Amino acid sequence: MTFIFRFSFNSTTMKKIVLLLVSLNISVFIPFTNAICSINDDDGFKSLKCDHSSLDEIESSREKFISNIFITLSKIPQIRDHTFLHFGSIVKSLSLQNCEIVEIATHAFASLNNLQKLSLNNNNISHVYFEWFYDTPNLKELDLSFNKIKNIKSTVFQYLYNLRNLNLNNNQISCLRPDDLKPMKNLEKIRFDGNSLQFTCRGKLTRWLRDRGNQYTSEGDGFKYREDFLDSLIWKCDIDRQIADSELLMKECVFLNLYNQLQTALVTSCSFPSSASECVNERSSLVRCIQESGNGNINNGEAVRKLLLALRSGSKTPRYI
């Protein structure tokens, strides 16, 4: 016997049914498509890799002898105290990348006595606590890049005496003082690209790093050249004690030296007519931008102002200002 049922739904009811079915469908598939944790064995060293996971799922892993922990693409706003305690002192590498971390409890890394590499990049961390490093005397690499760190207290560096590589790229740090970094006696490389370091602070820092033989500049795509060029201008201005102690005077000195070098370069380049036509047009436009003014005369300060405004505008060819 066949039963045929006929139902009459209005559009609002149909929409509710569709949304309900969709939500049910999603709830069924989430456990299978999102949370993923796996353990790999590579030459006797076990690695725990998780993505789209929660802290509870990570902590529930009771596998022993884990040497490397790599967690990414997860929503973990807070790392609790003793989160990795049950993994013991076997862990040598811990990476928490792209996990939306905002706060890390002071004893989150307790018991990780043999930890050598800690990566916390691409999160929302704003504070660094020295207590993190109570139990990590063997830490050699620390990556805090792409966070929201504004300053790091000197006490933090006192616990990083065996650190060799420190990455602070793309944060909001305005100054790093050499005296604060001195406890890191084994430091070989430090990176701080993408921070708005004050010129006076950068001058003292880079000169100190250079004298120690530490590597601090980028190594590709022309970044190293640009950083070396900026530092050479800052060091030139830093000779004058009055300028060295004033951020305003330092900026004025750097910009004026930059203009003088640019002016020399423009004059010199005119003796090379074989330059590509595009370069010639760019050069001519830049010269006009610098020279144009109400009465036909322009001083160095005004020229620098024009150049900076042209650069800030983002236009490929500087326009008259």
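The model is a predicted one.

The protein has 321 residues, of which 37% count as buried. Its secondary structure comprises ten helices and ten strands. Among contacts with a separation of 6 or more, 54% are made by residues 24 or more positions apart.

Eight strands form an open sheet with mixed pairing, in the order E1-E2-E3-E5-E7-E8-E9-E10. Strand E1 (36-42) and strand E10 (189-191) stand at the edges with a single partner strand each, so one side of each has no neighbour in the sheet. On average, neighbouring strands of this sheet are turned by 5° against each other, direction ignored.

Within this order, strand E3 (residues 66-72) is mostly covered, five of its seven residues being buried. E3 runs parallel to strand E2 (residues 45-51), to which six bridges join it. The pairing of E3 with E5 is also in the parallel sense, over five bridges. Thr72 gives a point of reference in both pairings: Asp51 stands opposite Thr72 in E3, and Thr72 in turn stands opposite Gln97 in E5.

Beyond its neighbours within four places in sequence, Asn121 is in contact with Leu96, Gln97, Asn98, Asp143, Ser145, Phe146 and Asn147. Its relative accessible area is 8%, and because this is under 20%, Asn121 counts as buried.

The structure holds three disulfides. Counted along the chain, the bonded cysteines follow the pattern 1-2, 3-4, 5-6. In one of the disulfides, Cys37 and Cys50 have their sulfur atoms 2.2 Å apart. Cys37 belongs to strand E1 and Cys50 to strand E2, and the pair links distant parts of the chain, 13 residues apart. The torsion about their S-S bond is about 120°, so this disulfide is right-handed. Cys37 is partly exposed at 39% relative accessibility, whereas Cys50 is buried at 2%.

Another disulfide is formed by Cys175 and Cys201, with the sulfur atoms 2.2 Å apart. Cys175 lies in the loop between E9 and H4 and Cys201 in helix H5 (residues 199-212), so the bond ties together parts 26 residues apart in sequence. A torsion of about 95° makes this link right-handed. Cys201 is buried, with a relative accessible area of 6%.

Cys237 and Cys253 are likewise joined, at an S to S distance of 2.1 Å. Here the value about the S-S bond is -90°, and the link is left-handed. Helix H6 (residues 223-238) contains Cys237 and helix H8 (residues 247-269) contains Cys253, so parts 16 residues apart in sequence are tied together. Cys237 is buried at 2% relative accessible area, and Cys253 is buried at 15%.

Cys99 is a further cysteine to consider. Its closest cysteine sulfur is that of Cys50, 9.6 Å away, which is too far for a bond. Cys99 is buried, at 0% relative accessibility.

Most residues other than glycine have a negative phi. Glu100, which is not a glycine, has a positive phi of about 60°. Glu100 lies in the loop between strand E5 (93-97) and strand E6 (103-104) and is partly exposed, at 42% relative accessible area. Asn170 likewise has a positive phi, near 55°. The loop between strand E9 (165-167) and helix H4 (178-181) holds Asn170, which is partly exposed at 31%.

Terms used: Residues are numbered from 1 along each chain as its sequence is written. This is a predicted model: local features need pLDDT of at least 70, side-chain atom pairs count only at pLDDT 80 or more; totals for chains, interfaces and linings use all residues. Side-chain values use heavy atoms; hydrogens and water are left out. Helices (H or I, at least four residues) and strands (E, at least two) are DSSP runs, numbered from the N terminus. Buried means under 20% relative accessible area, exposed over 50%, partly exposed in between (1.4 Å probe, protein chains only). Contact means heavy atoms within 4.5 Å. Two strands pair if DSSP finds at least two bridges between them. Axes are lines fitted to C-alpha atoms, for helices over the stretch in contact, and angles run from 0 to 180 degrees between N-to-C directions. A disulfide is a pair of cysteine sulfur atoms within 2.5 Å.
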